[in-house]
Amino acid sequence: MNGITLELFVMQMFTGLALGTVFVLMAVGLSLIFGLLTVVNFAHGAFYMVGAYVGVFLMGVTGNFWVSLVLVPIVVGTLGLVIERFLVRPLYGRGIDYPLLLTFGLALVLVELVRIIFGLEGQSFDVPEVLSGAVNIGVGYFPLYRLFLIGVTSFIVFALWLFIEKTSYGLIIRAGARDPEIVRILGVDISKVWLIVFAIGTGVAGLAGVLAAPMRSVIPDMGSTVLVEAFVVTVVGGMGSLVGAVVAGMLVGVVVAMTSLFWPSLADLSMFVLMAVVLLVRPQGLFGQKGLMG
Amino acid sequence: MTIKNENMSSAGLSRRKIIKGAAAGAGVLAASPFLLNIAGAADDTIKIGFPVPLTGPYGSEAKEQALCAQMAVDEFNAAGGLNGRMAELLVRDDKLKSGEAAKRTQELIEKDKVHFVAGSLSASVQLAVNTICADREIPYVSISQSDAINEAKNFTKYTFHEAMNPHMTAGAVGRYVFPKEGKRVAFLIADYAYGHEMARGFKEAGKAAGIEIVAEVSHPLATKDYSTFLPRIQAAKPDVLCLCNFGYDQMNSLKQATSFGMKDQMRMVAPALLYNQRRAGGAAAYSNVIGGTNFYWGLEDSIPSAKKFVDAYRKLNAGAPPSDYGAYGYAGVGGLLAAVKAAGSTDADAVIAAMESTPYDLYKGEQHYRKCDHQSVQSVYIIESKAEADMANEYDVFKIVAEDKASEDVLRSCSALGLG
Amino acid sequence: MNMSNLTGTITKNRVLVVFAFLLIFPFLAPYEALATDVLIYGLYALGLNLVFGYMGVLSFGHAAFFGVGAYGTGIAMVHFGVHWVPSIFIGILMAGLTAMIMGAMAIRTKGIYFAMVTLALAQCVYYIVYHMGELSGGEDGLTGVSLKTVDLGFTTLNIIREPLSKYYLVLGFVMVAIFIFSRIINSPFGSVLEAIRENENRAQACGYDVKLTKWVAFSISGLFCGLAGALSAIHLSVVPIESLHYHQSGLAVMMALLGGMGTFFGPFIGAMAFLMLEDIITTMTSHWQLFLGAIFMIFVLFFPRGIWGSILHWISRR
């Protein structure tokens, strides 16, 4: 391989880790719902896309990136709340296939609604002035905006970890994931907890969408690849494991980065090979608990 | 092979049953009872099938294609049609999938009995439509870019390619850019036929200019995140970066390369710079990018046919000018109908002969179909994307900087295509 | 005759009932190419139904078998000039082989993980075929799988010009497949599948080799989907790369569910409902996905038995 210097290698490694945080950001909402509710949210990519469009809309109204950054997860999370209450809840206890299939249909509906409301044309969404440009990180120039994303992702993961591990709500969530029956018998309204988890998961998906908007084109189909990437990260990391999602996201980022350097056209294959290998060696994923689900 | 025989007899049995039930009379075995009579469709409307991806990521371009194709049909009808025979455009959604397009084209031919087919907005979809049409001897005018459709493997006498091909556009952009911007050239190539076709066009033009290729990175089609492909290019310190990708891939790679600060370090060029994509991507991402196009509405100042087309479109669309892909739809169907008029019939062979022999000027100056591969020979316009501050209004996105004149010399030779 | 007798009669003669219907179907469909598509996708969903409906295991990787069947047949015809009949069997065998390999890896997992592993493995197949260059045509797909005439000995079918002949040619293959499928379901093997669906642990305790059964069922299912793919290559004259995409896997799941998983007619009813609905809605509005998605959600929420399953249930309750 000519032209590959140590400097480039280090830069590539860093790029991979940064890309990993983008993967984590995109996967964490799915992972949360997947792991705690055992609902495979096939509409995850659609919520991500809705987040980007709500962001575009709010940018148009308020003209302020930061305001939309705060409002988007609230708006999308509220949408998630309504969907859980009226569409997903009737399906609990009917087996894992049904919520999956329902959200598959839901994704089609959400994408088409956005097409009707915003039109077929892509929407432009520029990087806010303060975060634009590249900074020298010693081995090369790196976009400031991506460094900002690393910060945001760290904050979100930390906040979620605190919520799940350190609050009484989190205790119920964790208990509910293991044995909803017992929790119910103890007199806890588990459905309320699931409602909140679903809302948080979709809210984070929406946030990921608006954060991705300045880097990627905002179009109604933008969620379809994200869904698959998020699945890979979640499954590799192990369901219901926040640590797993973070480690897996980073791992996938680095694997993709290294493949891009040496065999660039196989970059998208690499993550599926990684996923297949992990699943065959350790079917429950790197940090998943065995027997969490049938 | 016993299984084979079983299958065959069962197929034969069902067929016999049907013949008994559906077609009366004996001796039908020799003549086919189900023969589709394509030429003798009962009503005498001239029907043109038009499969384009109305849904999917390029829906806005496809809508433009259909709109402008309808304009061409309306103009033909307003001028009296073919001795009173009116034309009709049958638009179908191919969903940007070649399987769907193949099925839809079969529907158009079998059920709607179209005389001609035009359309498509993807290299792969047009090849599928081309196969279906050629097998059924229906002339097909492709309005989407591809080199492969001109090659012996896919070309038939029914195949026409109205759109530019990547060899033309990349070549034209290369001939303009390399002498001006420098010899160190890097390539970012979408890893599919069309991407590599564009790169080949650049390299061909680069040979004459004596370029040095300092990096060549191919990325999977429809990649969303380009960050892992960019450091390698940046490290090679090129003068020019050729983006050999299309549409949203181009937009995303451009946006992300800009955020890496690469626009200050090198000149970015793209073989096909799309009007709708530029408007969706925003001025900041595209500013100073040089590319090629078949058409930009600014041509109205210098070319009479362009002025006529732009004016007509504006009248129908509240003052908004037409886009490049819309213009393809207009020229593809308009050129076809002009040939129908010249041939005086809808007979496939007569229309093909007319298309081969008649130059046309519908929207951008004179064009003609090269005899050996039915590629439309046309000028390529070199454009530069304007910065926000230089735009007079929201439609004023490009500046025309040069014209690569229509000439068969810039195409790949007929023998290189395997066509004698 | 009372209603439950009616269902009994239908079930007993299900193969004949399907045959009778499919014989007249092209005269009911909007156009022949669509009718042929219904046959192909009905068979595809039928193949999936063996594991999804009868065995109760959700696979999201069946596009691999459909796609490999199509590419196997297409490549044999285009690049090696093989006659179309052996080409179809080459496609089926390649699909079966793919299913055996994927199945051997995937049966180690259960539940939702099974769906995910099959998805990941099928995506690998997608990329492998994508990168086969000239052989598969990559993104452009495989073009030129043109079967123009079929010599049946006593007559020649001009299937390019006579879409109806093409329908009956495809139907010939589909009927044989349906007949074989019915025999499998009625066999003791079929009963083991249903035992696994009802309670895997109990089936294991009864002495059945659950893993082996799953693997065999998965492989057989791949053969049926492979035939569907092979027929689609002949039908479309092209093999698009998207026939290997995971959306294609999702399509089979949607059709089986819409029609009624675990029922014999279900997949065909599902394919028919799906494709005809799509065809009709597409011509009326470009927002067809809205209606498709909504209908799908309504089925999941209110008619989980699917169209045919709900009809059977309704009849048997009378």
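Analyst: Leaving aside neighbours within four places in sequence, B:Pro166 is in contact with B:Gln145, B:Asp147, B:Tyr194, B:Glu197, B:Met198, B:Gly201 and B:Pro271; two residues are in contact if their C-beta atoms, placed from the backbone, lie within 7 Å. The model is a predicted one, in which local features need pLDDT of at least 70 and side-chain atom pairs count only at pLDDT 80 or more, whereas totals for chains, interfaces and linings use all residues. Residues are numbered from 1 along each chain as its sequence is written, while chains are lettered from A and ligands numbered from 1 in the order in which they are written.

B:Pro166 belongs to helix H5 (residues 166-181) of chain B; helices (H or I, at least four residues) and strands (E, at least two) are DSSP runs numbered from the N terminus. B:Pro166 counts as buried because 28 other C-beta atoms lie within 10 Å. The criterion is 20 or more other C-beta atoms within 10 Å of the residue's own for buried, 12 or fewer for exposed, and partly exposed in between, with C-beta atoms placed from the backbone. B:Gly292 is 126 residues from B:Pro166 along the chain, yet their C-alpha atoms are separated by 9.9 Å.

Strand S10 (residues 290-293) of chain B is joined to strand S13 (residues 380-385) of chain B by 4 bridges, and the two run antiparallel. Within that pairing, B:Gly291 has B:Ile383 of S13(B) as its bridge partner. Both strands belong to an open, mixed sheet of 7 strands in chain B, ordered S7-S6-S8-S9-S10-S13-S14; two strands pair if DSSP finds at least two bridges between them. Strand S7 (212-219) and strand S14 (398-404) of chain B form the edges, each pairing on one side only. On average, neighbouring strands of this sheet are turned by 25 degrees against each other, direction ignored. Helix H6 (residues 193-209) of chain B lies across strand S6 (184-190) and strand S8 (240-244) of chain B, at about 165 degrees to S6(B). Axes here are lines fitted to C-alpha atoms, for helices over the stretch in contact, and angles run from 0 to 180 degrees between N-to-C directions.

Elsewhere in chain B, strand S1 (residues 46-52) is largely enclosed by the rest of the structure, because 7 of its 7 residues are buried. B:Ile46, B:Ile48, B:Phe50 and B:Val52 point one way from S1(B), and B:Lys47, B:Gly49 and B:Pro51 point the other way. In a regular strand the side chains alternate between the two faces of the sheet. S1(B) runs parallel to S2(B), with 7 bridges joining them, and B:Gly49 has B:Leu90 in S2(B) as its bridge partner.

B:Leu89 also lies in strand S2 (residues 87-93) of chain B. B:Leu89 counts as buried because it has 22 C-beta neighbours inside 10 Å. Not counting residues up to four places away in sequence, B:Leu89 touches B:Ile48, B:Phe50, B:Ala69, B:Gln70, B:Val73 and B:Val333. B:Ala66, 23 residues from B:Leu89 in sequence, is 8.7 Å from it in space, C-alpha to C-alpha.

For chain B as a whole, the secondary structure comes to 13 helices and 14 strands. Of its 420 residues, 58% count as buried. Among contacts in chain B between residues at least 6 apart in sequence, 69% join residues at least 24 apart.

Chain B also meets a partner: 41 of its residues are in contact with 42 residues of chain C. Helix H1 (2-22), helix H3 (98-110) and helix H4 (123-135) of chain B each supply at least two residues of this side. H1(B) gives the largest share, 11 residues. By class, the side of chain B that touches chain C has 17 nonpolar, 12 polar and 12 charged residues; Ala, Val, Leu, Ile, Met, Phe, Trp, Tyr, Cys and Pro count as nonpolar, Asp, Glu, Lys and Arg as charged, and the others, Gly among them, as polar.
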